[in-house]
Amino acid sequence: MPLVKNGEITPDPWTHIADGEDAPLDAPIIVSTDRWNAERASLVHRNAPIGIRLRNDQLPDELGEDLYRFGVVAIEFPAFKDGRAYTQARLLRERYRFTGEVRAFGDVLRDQLLFMQRCGIDAFEIRKLADAEAFRSTIGEISVFFQPAADDRRPVTALRNRAVASWAY
Amino acid sequence: MYRYDEFDHTIVRERVVQFREQVGRRLAGEITEDEFKPLRLMNGLYLQLHAYMLRVAIPYGTLSSRQMRTLAHIARAYDKGYGHFTTRQNIQYNWPKLVDVPDLLDELAKVEMHALQTSGNCIRNITADPYAGVAADEIEDPRIYAEIIRQWSTLHPEFTFLPRKFKIALTGTDTDRAAVKLHDIGIAIIRDENGAVGFRIDVGGGQGRTPIIAETIRDFLPKQDLLPYLEAILRVYNMLGRRDNIYKARIKILVQSEGLERFTELVEEEFTHLKGGAVELPQAELDRIRAYFAAPRYETLDNGSKELESARQADEEFAAWVKTNVDTHKQPGYAIVNISLKPVGGIPGDASAEEMEAVADLADRYSFGEIRVTHEQNLTLPSVQQSELFSLWLGLKIHGLATANIGHAGDIIACPGLDYCNLANARSIPVAQAISRKFENIRRQHDIGRLTINISGCINACGHHHVGNIGLLGVEKNGEEFYQITLGGRADENAEIGRVVGPAFSYDDVPGAVETVVETYLQQREDNDESFVDAYARLGATPFKDALYATR
Ligand code: SF4
């Protein structure tokens with residue numbers, strides 16, 4: 001499955017490890033919160049980066065300070081219609097100030113990529129190669145944003161009143 | 001009225017380009033109908049029984065005459081000469097061809113209109129009091145805040161894939177013409193005991209198979225907190241709303257299952273994080289938007305125009321129309337005029353291209369070029385000089401638009417039903433037409449007094465049957481159309497859910513049953529001032545039941 005990061009299809013250094021599956025000691029892995037909670041003591045002593053998979057009903061505060069140990073937080077779109085991960089992403093970025101990778105996996109489709117990116121997701125496991133290849137053009141289809149989110153795009157409310165604000169000084 | 005600036009224009013244009021590309025992919029067979037579905041729904045395009053249906057947003061029901069002319073043109077060029085105004089102050093076209101839709105959207109964009117967020121599980125078109133800005137008892141114009149919410153919710157990245165659709169309505173007066181208690185969020189502009197203006201926030205109202213009157217989550221919300229508070233409610237709902245069962249996915253079910261107290265705690269906790277944050281609207285932006293809704297240049301006049309009085313004396317028909325269709329304006333010498341889209345035997349909410357153009361012309365001549373759409377599927381000219389009411393009425397009459405039945409038995413609200421809708425159990429439109437014919441005598445309607453009749457073709461309740469004084473719900477029994485009757489519903493500031501009166505009636509019998517209900521009321525009312533709902537509240541269901549089922 002192609003991974004898009006920084007707008008490009010890139011090789012994925014990370015491996016998703018299912019619960020019960022052996023975890024390699026020296027490669028970056030992403031594990032579930034159940035696995036993390038059960039094997040935390042041994043997992044923290046690995047020599048390679050570790051990432052965590054959140055379920056859709058989990059909030060980042062469950063991870064406590066451990067959050068900042070993870071190189072990746074992976075959040076799932078079980079179906080494109082299920083939008084809980086958008087909130088999870090914004091909370092990770094805006095409330096918990098998580099600066100590592102926030103990655104979307106699951107039903108990640110071309111027409112939702114911009115919304116995901118605006119919510120702070122910066123890595124995308126995209127099912128269809130054609131969708132991954134269209135990443136840049138898709139993201140660029142809309143250039144105006146009506147509300148602040150987790151990205152650094154300036155919402156129109158700020159752009160519109162810039163002139164007014166500087167005039168006031 | 002609000003006018004688009006470069007940003008508003010850009011986003012609407014970009015969306016049309018984007019959709020044109022998506023339609024192209026579909027027509028070329030690069031994507032399947034299944035894959036196309038979410039994309040077209042994001043642009044208000046439904047697939048119905050016979051064809052596509054496009055729902056165009058009319059934000060808070062406000063239209064300029066220029067926009068109305070474009071809607072008329074679209075009816076002619078892309079539909080069969082008609083448009084259908086809906087209970088959410090939108091307009092629907094029933095026969096557009098897929099290949100034409102991008103062009104149609106282009107034409108809308110030229111007059112600052114679009115079909116964004118008129119379907120899908122997102123924040124839908126914002127509705128508001130059709131008398132906004134002109135109601136005599138208004139605290140502040142709800143359109144200002146409706147526009148702010150419209151912009152904030154446009155392509156909101158976090159809230160475009162909610163558990164279910166999400167509807168917000170606003171009112172700026174105590175008299176509720178926007179049915180705020182029947183929305184996912186209802187916002188009433190209020191004044192607190194110190195005179196400060198803010199909002200009462202109601203949450204969890206709705207119709208459908210579980211009708212619920214919204215409960216108040218915040219008695220008084222300061223103005224600057226509006227967007228952070230909405231964001232808090234939506235966020236709690238997005239995370240916790242049910243996604244496993246479409247019938248339990250609306251926010252009303254979450255509020256019920258958590259309980260209002262717990263739900264409020266969750267929202268208030270989220271709000272502490274969002275308050276004062278980036279989403280809070282800058283004062284400059286609030287002022288900018290407010291300026292668009294400044295009152296038109298009214299002339300300084302007095303109430304009680306001589307021309308109006310003499311015309312009323314001279315023409316009984318005109319006098320009757322003034323009584324039902326004209327309302328008090330905040331500006332002396334002016335009046336609010338309602339145009340009924342419910343002629344005898346007509347299709348509720350339908351308007352032909354010619355009628356739309358006639359209304360646009362009359363709006364230019366008499367009402368500063370402004371038109372409103374009401375949730376009762378009628379139109380309103382918000383600001384007409386009292387002295388010109390008679391000539392306006394003559395103008396409406398030529399086009400068959402002067403039916404004097406606003407708020408009366410002939411002013412039936414009906415969904416499209418089995419004639420168009422693939423979810424329907426039963427027809428709505430022909431039932432509405434048959435009932436309307438039973439009450440064709442306007443004098444009789446005026447004698448009956450205020451009465452709302454609402455018809456839905458299935459439990460989705462698009463015809464708002466739960467809150468009709470008389471509600472009809474289409475059900476299916478052994479492949480036949482039947483109609484369940486509910487009584488006592490109301491959609492105003494004293495919102496009530498109607499109660500089922502007894503076994504359902506067949507298609508052929510239901511107009512007669514409605515007549516029996518009305519006759520029973522006429523026999524039992526205390527006097528002419530006791531309205532149908534008041535009489536029902538006093539009498540209960542028994543006399544109506546007896547009359548309806550006596551011969552069975
Ligand atoms: S109430 Fe039912 S039949 Fe009527 S429009 Fe809605 S979904 Fe269709």
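1. α14(B) passes α16(B) in a right-handed crossing, that is, the near helix is turned clockwise from the far one by less than a right angle. Helices (H or I, at least four residues) and strands (E, at least two) are DSSP runs numbered from the N terminus. This is a predicted model, in which local features need pLDDT of at least 70, side-chain atom pairs count only at pLDDT 80 or more, and totals for chains, interfaces and linings use all residues. Residues are numbered from 1 along each chain as its sequence is written, chains are lettered from A and ligands numbered from 1 in the order in which they are written, and side-chain values use heavy atoms, without hydrogens and water.

2. Helix α14 (residues 429-438) and helix α16 (residues 510-524) of chain B pack at an angle of about 45°, their axes 9 Å apart. Axes are lines fitted to C-alpha atoms, for helices over the stretch in contact, and angles run from 0 to 180 degrees between N-to-C directions. α14(B) is therefore oblique to α16(B) (under 35 degrees is roughly parallel, over 145 roughly antiparallel, 65 to 115 roughly perpendicular, the rest oblique).

3. Contact means heavy atoms within 4.5 Å. Residues making the contact include Val431(B) and Ile435(B) of α14(B), and Val510(B) and Val514(B) of α16(B).

4. Elsewhere, five strands of chain B form an open antiparallel sheet in the order β3-β14-β15-β12-β11; strands pair if DSSP finds at least two bridges between them. The edge strands, β3 (62-64) and β11 (326-328) of chain B, each pair on one side only.

5. Helix α11 (residues 316-325) of chain B lies across β11 and β12 of chain B, at about 50° to β11(B).
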